[in-house]
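Please read it alongside the sequence and the model.

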Amino acid sequence: MIIAYPASLLRNVRVNEFFEEEYKKTSTVFDTIFIDQNTFRITKNKHLVDGEKVLYRGWIVTIEQYYSINEEVQRHGGNLVVSPEEYGFTQFNRDGFGYNGWTDVFGDFTPKTIRVDYDHDFDLDDVSSQLDFPLIVKGSSKSVKDDWENSMFIKDKSDFSRVLENYKDYVSQNEDDMIMLREFENFVPDEEYRLWFYQGELRRAEIHPLFNGEYDELIIDQASDIIATVKSFAMKNNIQLMTVDIVKDTQGHVRIIECGSGMVSGIRHGFVDIVSS
């Protein structure tokens, strides 16, 4: 397997500076190539791709841009480890594998959610028949946590239009063309874990890289039903690399707050350890 990293914007035959430390460790185990983040063309070691599996590891790209990477890898005789369908499903909650996104397949473990197009004309009676207020509004990959009370948290029906309009002032349709409405649940603050699954196996459980604190094995033990469900789904559908972020609600239940593609998820250390045999 070959790992593809983003190329430096300054010199596209070098790795992007943000990934330099991770790349140094990865390149001791795997051959690597670089992807230009403007053209999505391979800039170094093209000859290594022929007949190989290629795993992208880098910045979040759109689904369309990931298709461009896929075409480029195939043009040089290789194939991506993670299919575009998997990337869209895990990272952007798009339809796939017979489900309406990951919020559908893991619906028992995550706040109830409806997904619509960005320009959807909402009927509040329809919304309230499907979801219980309060709600949060976000995109498939965008949210406005820095303006929570005005652009993300919808306390009741009377507050719906104001918050939705404020959200759209921050996030354009070009940035994220999906609107997700999710029922609000009270979570224990500043305590979030990231589960890493590779080829259907849980390879690591760690404190989310944006949080600090002591690792609590009990929370992982309490997430056993979540872990079993994710593993079963991944094995059945050949999901290669995904992350699942979990929290505990104020009633003590472990809940899934987010899923993502492990190709673009932040990590505390040792990405190469996740994908090594």
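Which residue in strand 2 does P6 stand opposite? P6 stands opposite I35.

The model is predicted, so local features need pLDDT of at least 70 and side-chain atom pairs count only at pLDDT 80 or more, while totals for chains, interfaces and linings use all residues. Residues are numbered from 1 along each chain as its sequence is written, and side-chain values use heavy atoms, with hydrogens and water left out.

**Sheet**

Helices (H or I, at least four residues) and strands (E, at least two) are DSSP runs, numbered from the N terminus. Two strands pair if DSSP finds at least two bridges between them. Five strands make up an open sheet of mixed pairing, in the order 3-2-1-4-5. Its edges are strand 3 (42–44) and strand 5 (79–80); each has a single partner strand, so one side of each lacks a neighbour in the sheet. Between strand 1 and strand 2 (residues 31–35) the pairing is parallel, over five bridges.

**Aromatic rings**

Rings of Phe, Tyr and Trp (its six-membered ring) pair if their centres lie within 6.5 Å; planes under 30 degrees apart count as stacked, over 60 as edge-to-face and the rest as tilted. The structure holds 19 such aromatic pairs. Two of them are tabulated here.

| Pair | Centre to centre | Angle between planes | Class |
|---|---|---|---|
| Y5 and F19 | 6.0 Å | 50° | tilted |
| F89 and F97 | 5.3 Å | 80° | edge-to-face |

Y5 belongs to strand 1 (residues 2–6) and F19 to the loop between strand 1 and helix 1 (20–26), 14 residues apart. Both Y5 and F19 are buried, where buried means under 20% relative accessible area, exposed over 50% and partly exposed in between (1.4 Å probe, protein chains only). F89 has 0% relative accessibility and therefore counts as buried. Ring pairs also join Y5, F18, F19, Y23, F34 and W59 in a cluster.

A charge sits over a ring if NZ of Lys or CZ of Arg is within 6 Å of the ring centre and within 35 degrees of the ring normal. R57 places its charged end over the ring of F271, 4.2 Å from the centre. K168 lies over the face of Y118, 4.8 Å from the ring centre.

**N93**

N93 is found in the loop between helix 3 (84–92) and helix 4 (102–105). Its relative accessibility is 1%, so N93 counts as buried. Beyond neighbours within four places in sequence, N93 is in contact (heavy atoms within 4.5 Å) with residues including N100, R115, M178 and M180.
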